[in-house]
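Hello,

Here is the structure I promised to pass along.

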Amino acid sequence: MNKVSYMGNGKTTEFTFNFPYFETSDITVLKNNQPATGFTVIGISGGVGADMPYIGGKIIFETAPTTTDSITIVRKLSLERPIDYQPTGQIDPTTLNHDMNYAIEVLKDFQNDLESIKTLNGDPTATQEMLLKLDTVSQQISAMGDITQVRNNISTLDTRTNGIIDYVVETQAPTAENNYTWYRKYKSGWVEQGGSTIINAQKANTQLYTDVNLPITMANQAYLVNIAFITDGGSTTGLRNNANGRGTTKLTIGTYSTTEISQSYRVTWEVKGSAA
């Protein structure tokens with residue numbers, strides 16, 4: 001496999017790889033699945049007469065990747081003819097070998113991609129990534145009918161597994177900007193979302209009502225609601241909560257206490273059901 005992955009540690013700047021390649025542009029480096037910058041590729045020469053110019057090498061970053069950075073080094077060969085032979089020109093064996101080696105390595109890379117499909121084990125994220133990769137390859141080799149047919153068969157994987165495999169297609173993490181709401185929306189339309197709100201204080205034997213806006217609109221009111229409260233060390237005796245009103249875009253939370261709650265407390269909520 002012409003691919004290797006690492007995790008940064010905040011100190012290491014050099015990362016090695018041992019797969020062969022032809023030129024520096026064949027090497028792609030990703031940091032956290034995005035194209036990386038600020039690095040240099042140093043190759044290990046295959047020597048005079050070698051089948052391939054480089055037999056491996058290393059990536060040197062200007063700044064060491066942090067402990068949260070994932071680094072991926074992969075070989076990506078363009079599907080093209082590096083040599084254009086002329087009808088009246090003399091064919092040099094070294095040049096011909098280089099051309100054939102390049103074609104063979106391109107086919108090896110594509111074979112590795114196909115073999116990777118066998119190890120997906122139902123992982124929907126990996127399936128989507130593979131389909132995107134195959135889509136790019138298919139565009140390059142559209143003239144090769146047999147391989148294009150393979151890609152077309154694989155592209156129907158999502159349809160053939162409909163109802164069997166579900167996966168997240170959209171997410172939001174809680175931040176101050178979104179009032180600490182979050183959600184996970186799935187391909188099937190199922191959604192899980194939640195957040196929290198502050199209740200400043202509450203007198204004894206009183207019912208308070210608080211509205212929260214749902215970041216994802218629900219299909220109807222028949223969704224599951226979970227509500228809990230958190231206090232900062234104060235008494236929670238007699239404090240109860242429930243969902244007093246369910247709308248497709250808004251949830252009304254009712255809090256009732258048989259005792260006085262003098263300090264503020266946070267009510268957390270979670271909604272699960274079908275999105276509109």
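A word on terms to begin with: a residue is called buried under 20% relative accessible area, exposed over 50%, and partly exposed in between (1.4 Å probe, protein chains only). By that rule Asn179, at 53% relative accessibility, counts as exposed. Asn179 lies in the loop between strand S8 (168-172) and strand S9 (182-186), and its phi is near 60 degrees, a positive value in a residue other than glycine. Asn32 also has a positive phi, near 55 degrees. Asn32 sits in the loop between strand S3 (27-31) and strand S4 (34-35) and is partly exposed at 34% relative accessibility.

Please keep in mind that this is a predicted model: local features need pLDDT of at least 70, side-chain atom pairs count only at pLDDT 80 or more, and totals for chains, interfaces and linings use all residues. Residues are numbered from 1 along each chain as its sequence is written, and side-chain values use heavy atoms, with hydrogens and water left out.

Now to the sheet. Strands here are DSSP runs (E, at least two residues), numbered from the N terminus, and two of them pair if DSSP finds at least two bridges between them. In the order S2-S6-S5, 3 strands make up an open sheet with antiparallel pairing. Strand S2 (14-17) and strand S5 (39-45) are at the edges with a single partner strand each, so one side of each has no neighbour in the sheet. S2 is joined to strand S6 (residues 54-61) by 4 bridges, and Phe15 stands opposite Ile59 in S6.

The aromatic rings come next. Rings of Phe, Tyr and Trp (its six-membered ring) pair if their centres lie within 6.5 Å; planes under 30 degrees apart count as stacked, over 60 as edge-to-face and the rest as tilted. The structure holds 6 such pairs. One of them is stacked: Tyr21 and Tyr54, at 4.8 Å centre to centre with 15 degrees between the planes. This pair links parts of the chain 33 residues apart, with Tyr21 in the loop between S2 and S3 and Tyr54 in strand S6. Tyr21 is buried at 1% relative accessibility, whereas Tyr54 is partly exposed at 28%. Phe39 and Phe61 form a tilted pair, 5.9 Å centre to centre and 55 degrees between the planes. Phe39 belongs to strand S5 and Phe61 to strand S6; Phe39 is partly exposed at 25%, and Phe61 is buried at 3%. Ring pairs also link Tyr6, Phe15, Phe39 and Phe61 into a cluster.

Best wishes
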